[in-house]
Amino acid sequence: MTGAGVVLLTTFLASAVEAIEMVIIVLGVGAARGWRSALMGAAAGFAVLAVVIAVLNVALAAVPIGPLRAVVGTLLVLFGLQWYRKGIARVAARGLAGMSEEAVEEDDIPASGMDWVAFVLSFKGVLLEGLEIALIVVSFGLAAGQIGLSIVGAVAAVVVIGAVGFALKGIVTRIPRSLLQLVVGTLLTSFGTFWSLEGLGVTWPQSDLDIVALLAVYGLVAAAYIALERRRIHQATPAVA
């Protein structure tokens, strides 16, 4: 493979990792709270990102990404834990309640207009991951003397991963709502934990792969709490003669 090919492939793969995290957040938020506000938040994130890149350009390499990770990660944990807790309670009480069950509808989702929770969560996810992709492009592109190819590789990664995410949209929306809320809460809490601690200076041994470990830990904790809650509900329910 030529030097140009190496630059293109490396930038594509490195950017794809960040793009996957970006798309997962937008997909989860859109499926749980509504696609219109989530997609508008993602579009706003890309717009702000474009302005930042245009203004700062190569100066992006000096941007302190750590504090941003800490702030965004903390906010994701706060939102994620709310959905995580509600998802555990609802799966324990109702099992895999369907999307059409009114009892599991979120009372804080506006019937019309903008859902600012969905907007902000998508916006933050796109902006943070987009900045990390921009840093990959700048640092690797300048080092290799191929900034143009680095940009092509990064844009291709976002387009490909975004297209895959859009193709999975129908599958995600068919997930039972109670389970979906638990899954999205687990995702947001895991990403938030990873980013906030990384922003505070914690070094993860396996880098982004440790997100999978966090997902497994939070998933096991959720399963344990669901089992305990079901046992409590069963014991509190009077036996039918």
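**View 1. Gln181 sits in helix H6 of this predicted model.** The residue is buried. Its relative accessible area is 7%, and buried means under 20%. The side chain of Gln181 makes a polar contact with the side chain of Arg90. That contact spans 2.7 Å.

**View 2. The largest nonpolar core holds 41 residues.** Which of its residues touch the most other members? They are Ile25, Leu76, Leu188, Phe191 and Trp195. Seven helices are named as giving two or more residues each to this core: H1 (3-33), H2 (35-56), H3 (65-94), H4 (116-144), H5 (147-173), H6 (177-199) and H7 (210-236). H1 gives the largest share, ten residues.

**View 3. Phe191 is shown with the residues it touches.** Leaving aside residues up to four places away in sequence, Phe191 touches Glu21, Ile24, Ile25, Leu76 and Ile211. Two of these partners, Ile25 and Leu76, are listed with Phe191 among the core residues that touch the most other members.

View 4. Helices H1, H2 and H5 each supply at least two lining residues. H5 provides the largest share, five residues. By class, eleven lining residues are nonpolar, two are polar and one is charged.

Notes. Residues numbered from 1 in each chain as written. Predicted model: local features only at pLDDT ≥ 70, side-chain atom pairs only at ≥ 80, totals over all residues. Heavy atoms only, no water. Core = buried A, V, L, I, M, F, W, Y, C linked by side-chain atoms within 4.5 Å. Buried < 20%, exposed > 50% of the residue type's maximum accessible area, 1.4 Å probe, protein only. Helix = DSSP H or I, 4+ residues; strand = E, 2+ residues; numbered from the N terminus. Contact = heavy atoms within 4.5 Å. Polar contact = N/O pair within 3.5 Å; in protein donor to acceptor, adjacent residues only side chain to side chain. Nonpolar A, V, L, I, M, F, W, Y, C, P; charged D, E, K, R; others polar.
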